[in-house]
Each structure stands twice: as structure tokens, then as C-alpha cells.
Amino acid sequence: MIEWGFQVDGWDRVGRVAAYGAALALTPYLLIKVSWVVGSLLGLLPVGTGFGMAEWVVLNSATIGMAGTGIAVALALARPWGMRIPGAPLAFCAWVGTGFLVPVLPYAVLSSLLGSEDGNPTSGSDAGPSMPVWEAALIQIGFVGMGLGLAIALPTYLRRRWPDAFAGRLEDRGEGSPRALPWMAVVGVAVGLIWLYWAVGGTAGVAHRGERDLAWYVLSGVFGIWAFVASAATWAAVRGWPARVPRWCPMVLGWLGSGSLFAWSGWKLPFTLYLAVAQPADAALPENLALAAVLHLAAVGAGAAMLRALVRTRLVSSNS
């Protein structure tokens with residue numbers, strides 16, 4: 001018991017250091033985005049390609065809010081006050097943050113090593129009009145650092161606050177646990193199939209083939225794979241099979257996969273709708289905008305329903 005106590009304390013220290021590191025890594029991104037907004041409003045910096053002043057300010061103000069929230073969440077995972085604030089909003093923000101960053105960490109690291117000029121994994125929709133190399137590097141470091149920090153800090157926080165959240169095996173189910181095939185898993189598979197189809201070169205539903213680049217192919221594949229992971233993990237957790245699998249495995253994978261569906265499609269949906277309404281001549285997506293909007297709506301709904309199913313399944317099992 002003493003040895004285990006030391007191990008827990010050690011992991012808690014590692015988690016807190018990782019949380020502070022995540023907040024520190026994302027701070028330059030926050031400051032850069034503030035400079036873009038202030039600079040464009042004062043006429044010192046140009047707006048991004050395909051955007052008017054209002055759209056550019058709104059887009060970057062949204063990312064400022066997201067970065068500020070991410071930093072606050074990271075600090076909450078480390079500071080004592082993070083154990084006293086309501087758990088539901090903190091868990092939701094952490095779910096969105098990990099959904100944004102952790103699933104695309106391999107791509108972010110690879111693009112950094114290959115010298116990508118884009119500071120955002122969304123294929124340039126958030127990049128500055130004339131971003132210097134040092135600025136792009138700081139943005140990439142912010143994404144990678146925040147993702148790695150959350151991946152380490154969040155589990156240690158969850159273990160401190162809800163020690164039995166991932167305990168037991170899938171066979172440890174309560175009498176009231178749902179057993180029907182979860183519809184959100186079916187929707188997730190359907191969305192994932194379309195993304196993977198595009199990733200391997202499929203052209204159905206692609207309106208502007210010339211707009212496809214390597215990042216678009218890779219990210220379509222990444223999101224498609226995570227849609228499958230989320231669906232499989234949710235199905236396993238809800239159905240309680242395979243029975244001997246530790247519960248933490250599908251819970252963690254379901255958390256990440258459902259967060260990826262919700263966060264990325266929730267981010268891309270407004271941008272897709274903006275392109276459909278404004279129809280700027282110098283900005284376009286490869287996929288058909290109507291189809292893309294439907295896919296993102298389906299992904300957002302499925303991701304939210306998956307999280308609800310995972311939480312409900314665990315609560316039913318704990319209360320039995």
C-alpha cells in the first residue's frame with residue numbers, strides 16, 4: 001500500500017507538471033491571435049485570404065476564446081481550486097480540448113518535422129496571411145504541447161476526482177445498463193467510411209478536386225479512423241463486450257474518439273456554412289458544401305451522444 005501511494009503521488013506530480021506545461025505551451029498561440037486581431041483592426045496587419053475584416057476578427061476572436069479556455073482548463077487540472085469547481089463543465093471543456101488535440105498529435109508532429117508552413121491542422125483555414133517561420137513554429141509547439149500535456153494531466157486529474165470512473169471490467173454492468181445497438185455508433189461508422197473513402201482518393205462528393213492536398217488526405221484518414229475508434233469503443237462500453245476487457249480501455253478511446261467527432265466537426269461546420277453563404281471567390285473546400293455540412297452535423301450529434309452513453313453506462317454500473 002505504501003509503494004502504491006508513492007506511485008500515485010508520483011503520477012500526480014507528473015500530471016501537474018504536464019498541466020502547467022500545457023498552459024505555458026499554448027500561451028504564445030493566444031498572444032499571436034490577439035496580435036492578429038489588434039493588428040488587423042489598427043490596419044497594421046492584413047486580413048487572411050478569403051476573409052473580410054468582420055469575418056477575420058470573428059474567426060480569430062473565437063480561437064482566442066478557445067485558447068483562453070484551454071489554458072484555464074489546463075491550470076484547473078493542476079491547481080487545488082480545480083477540485084472544487086463543478087465537474088461537469090470542466091470535464092466537457094477537457095473533452096473538447098482533448099478531442100481537438102490528442103487525435104491529431106501524430107499529424108501535428110509530422111508536419112512540424114516536414115517543415116509545414118501552416119500553423120493549424122485544419123489545412124490553413126486559421127493561418128495568418130504572411131506568417132513568419134518563428135510564428136508558425138510557436139503555433140505548432142502550442143498545439144503539440146497542449147495535446148501532450150492534456151493527454152498526461154487529464155487522466156491523473158480524473159483519478160484524483162473520480163477514482164472509480166474507469167475501474168473494473170466491461171462485464172461489471174448494472175441491471176439498468178442499455179443493451180441495444182447504440183445508434184450513434186452506426187452514425188459514427190457511416191461518417192468514418194466517407195472520410196476514409198476520401199482519404200484513399202474517392203471522388204464522389206468532391207466538388208473541387210484541385211483543392212485536395214496532402215494535408216486534406218491525411219486528416220480525412222485520421223478523422224475517419226477516430227470515427228471508427230469512437231464507434232467501436234462506445235459499442236463495447238454500452239454492450240459490455242468483450243467482457244474481460246478493462247473498462248478504462250473503451251472509456252478512454254471513446255472519450256478521445258467522441259471528442260474528435262464533436263470538436264473538429266463543431267469547428268468546421270460554421271466555416272463550411274460561411275463558405276456556402278458568402279461564396280468567396282478565393283476560398284473553397286474540396287468537398288461538396290452541402291454534403292460536408294450534413295457530415296459535420298452528424299459527427300457533432302454522434303460525438304455528443306457517445307459521450308452521454310459512456311457517462312450513463314458508467315453511472316448505471318457504479319450505482320448498481
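In the predicted model, residues 24 or more positions apart account for 82% of those contacts in the chain that have a separation of 6 or more. The chain contains nine helices and zero strands, and its elements, read along the sequence, follow the pattern α-α-α-α-α-α-α-α-α. Of the 320 residues in the chain, 48% are buried.

The largest nonpolar core comprises 66 residues, among which Leu77, Phe100, Met146, Trp195, Phe223, Trp255 and Leu261 have the most contacts inside the core. At least two residues of this core are supplied by each of the helices H1 (2-41), H2 (53-76), H3 (87-101), H5 (133-161), H6 (183-199), H7 (214-239), H8 (248-278) and H9 (289-319). For Leu261, when neighbours within four places in sequence are left aside, the residues in contact are Trp195, Ala227, Ala230, Gly266, Ala299, Val300, Gly303 and Met306; of these, Trp195 is itself listed with Leu261 among the core residues that have the most contacts.

On the side of H2 the contact is made by Met66, Thr69, Val73 and Ala76, and on the side of H3 by Leu90, Cys93, Ala94 and Phe100. Seven of the residues in this contact are nonpolar and one is polar, whereas none is charged. Phe100, which belongs to the H3 side of the contact, is also one of the residues with the most contacts inside the largest nonpolar core.

Ser260 lies in helix H8 and has a relative accessible area of 4%, which is under the 20% limit, so Ser260 is classed as buried. Not counting residues up to four places away in sequence, Ser260 touches Gly99, Pro103, Phe223, Trp226 and Ser265. His296 is found in helix H9, and with a relative accessibility of 4% His296 likewise counts as buried. Once neighbours within four places in sequence are left aside, His296 is in contact with Trp195, Ser265, Lys268, Leu269 and Thr272.

Key. Residues numbered from 1 in each chain as written. Predicted model: local features only at pLDDT ≥ 70, side-chain atom pairs only at ≥ 80, totals over all residues. Heavy atoms only, no water. Core = buried A, V, L, I, M, F, W, Y, C linked by side-chain atoms within 4.5 Å. Buried < 20%, exposed > 50% of the residue type's maximum accessible area, 1.4 Å probe, protein only. Helix = DSSP H or I, 4+ residues; strand = E, 2+ residues; numbered from the N terminus. Contact = heavy atoms within 4.5 Å. Nonpolar A, V, L, I, M, F, W, Y, C, P; charged D, E, K, R; others polar.
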